Amino acid sequence: MLESAVNSKHLTADFESLDLDMSWAFEGADTRYLTHDIHRYPAKFIPQLARRIILEHSKEGQVIMDPFCGSGTALLEARLVGRNAIGVDLNPVAYYVSKVKTNPINPEKLKDMWDEFSQKLSPLFGFDKVEPYELPKEAMEILKEWIPERQLLDMRRLFSLIIDVEDEEFRNFLLVAFSNIQKNCSWWLMKSVKPTRDFKKKVPDVVPTFIAQVKKMIERNNQLWNSLKDSKTWVKVFMDDTRRLSSFIKERVNLILFSPPYVTSYEYVDVHKLSIIWLEQVGDLRHIKRKFIGSMSSKPKNVKIKSTTAIEIIKKLEKKDKRLSKAVRTYFEDMQISFKEMDKVLEPNGVVAIVIGNTKLKGVEIKNAEVFAEMFMDMGYKLENVIKRPIPSKNIPTVRDPKTGKFTSVKNHHVKVYPHEFILFLRKEE
Ligand SMILES: C[S@@+](CC[C@H](N)C(=O)[O-])C[C@H]1O[C@@H](n2cnc3c(N)ncnc32)[C@H](O)[C@@H]1O
């Protein structure tokens with residue numbers, strides 16, 4: 001099928017007609033082992049999927065890169081199978097989580113540091129007297145809207161103590177724990193993706209929630225330390241913009257693997273706004289938000305888009321919604337700029353693996369997978385393989401349709417097909 005869909009530079013068919021490859025489903029896989037589960041993050045990779053791509057397309061000792069590393073799933077998997085890894089993400093939450101997730105602290109050292117630190121959290125040792133951290137006024141205004149007074153006061157005290165920790169690794173470890181309890185210890189409606197307040201929520205106390213989070217993280221840290229005992233691998237994480245990748249990545253990489261941000265789906269800054277306010281100590285998040293690819297507030301670049309499919313999509317959308325069409329155009333521009341940067345750091349013969357789903361906006365199919373394939377092919381890459389994988393979901397039980405053999409939803413037998421996404425494998429020419 002692939003041969004007929006691809007002819008050197010242009011795609012002659014889209015990827016929807018491919019058969020689902022169930023070997024990439026990883027249904028029921030444990031995705032929470034070791035440090036994978038230390039902090040929530042939207043649209044995480046399934047670790048087993050990242051691992052399989054790494055194993056099949058790189059060798060031990062080589063360098064893999066995830067240029068949109070999010071919570072660092074691929075970076076951790078790389079280390080676990082003897083590869084080095086570089087991660088890049090603009091989101092400060094991603095930066096801290098990825099670093100802490102992939103670089104375990106010596107368990108004895110960690111125990112000593114935690115024993116000393118945790119004493120300060122007890123009222124007997126004067127936690128109530130700790131000077132609450134002073135955030136900028138604008139930041140405080142937002143936090144007050146989201147966090148009850150008592151919890152906010154304790155958070156400010158706790159943050160003062162964390163910021164004072166001298167050991168950088170331990171300070172980052174505590175910052176990740178602190179970041180992950182923001183949603184628990186506020187009115188944040190946990191099940192909502194968009195920031196929503198639930199004033200009926202019984203907001204738990206900060207200190208015990210924090211201690212429980214740290215204890216879990218210590219356990220996972222120690223397990224990872226043992227798993228990596230004899231490993232000589234490293235992970236480097238950059239909090240920076242993938243669109244300028246080659247200006248700060250000096251290494252050459254053998255495999256690039258990522259799942260990109262999507263247009264108009266998550267506003268990552270909104271999803272993590274409480275954490276970002278603390279980590280960046282700012283109240284006005286607009287300038288941060290604008291830098292995120294896929295954000296509705298991202299600025300157009302006016303570069304020539306090298307994908308006929310992308311141009312068709314933009315034209316079709318323009319007839320339905322000008323603003324949306326501009327956002328999609330900006331998104332494709334930003335992705336193309338990122339791809340050019342990735343190309344500069346990838347070794348000849350190296351592979352780019354992209355995990356990406358297609359969507360529909362205002363009735364127009366947004367064929368991200370086809371667009372990305374065309375953009376890389378325009379740079380001389382060979383599309384070696386496309387996998388169509390089912391996305392197993394707890395919410396949509398699925399069965400095979402007895403007539404077509406396709407996966408369909410039990411709830412809505414005749415309408416919903418099994419949700420799926422694509423994995424593109426593109427090879428750079430020698
Ligand atoms: C789908 S998520 C990646 C999730 C990741 N695979 C994981 O397992 O957690 C996409 C990521 O792209 C990041 N991102 C968006 N715009 C960016 C940019 N200009 N430079 C770097 N990262 C960016 C977002 O912060 C987000 O973490």
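Modeller: Around the ligand there are 23 residues, each with a heavy atom within 4 Å of it. Y41, F45, S71, T73 and D89 come nearest. This is a predicted model: local features need pLDDT of at least 70, side-chain atom pairs count only at pLDDT 80 or more, and totals for chains, interfaces and linings use all residues. Residues are numbered from 1 along each chain as its sequence is written, and side-chain values use heavy atoms, with hydrogens and water left out.

By class, the shell holds 11 nonpolar, six polar and six charged residues. Here Ala, Val, Leu, Ile, Met, Phe, Trp, Tyr, Cys and Pro count as nonpolar, Asp, Glu, Lys and Arg as charged, and the others, Gly among them, as polar.

Now the polar contacts (pairs of N or O atoms within 3.5 Å). A polar backbone atom of F45 is 2.9 Å from a ligand oxygen. A ligand nitrogen lies 3.4 Å from a polar backbone atom of L90. D241 uses its side chain: a polar atom there is 2.9 Å from a nitrogen of the ligand. The protein buries 100% of the 600 Å² that the ligand exposes when taken alone (Shrake-Rupley method, 1.4 Å probe).

Notes:
A polar contact is a pair of N or O atoms within 3.5 Å; within protein, one must be able to donate a hydrogen and the other to accept it, and residues adjacent in sequence count only if both atoms are side-chain atoms.
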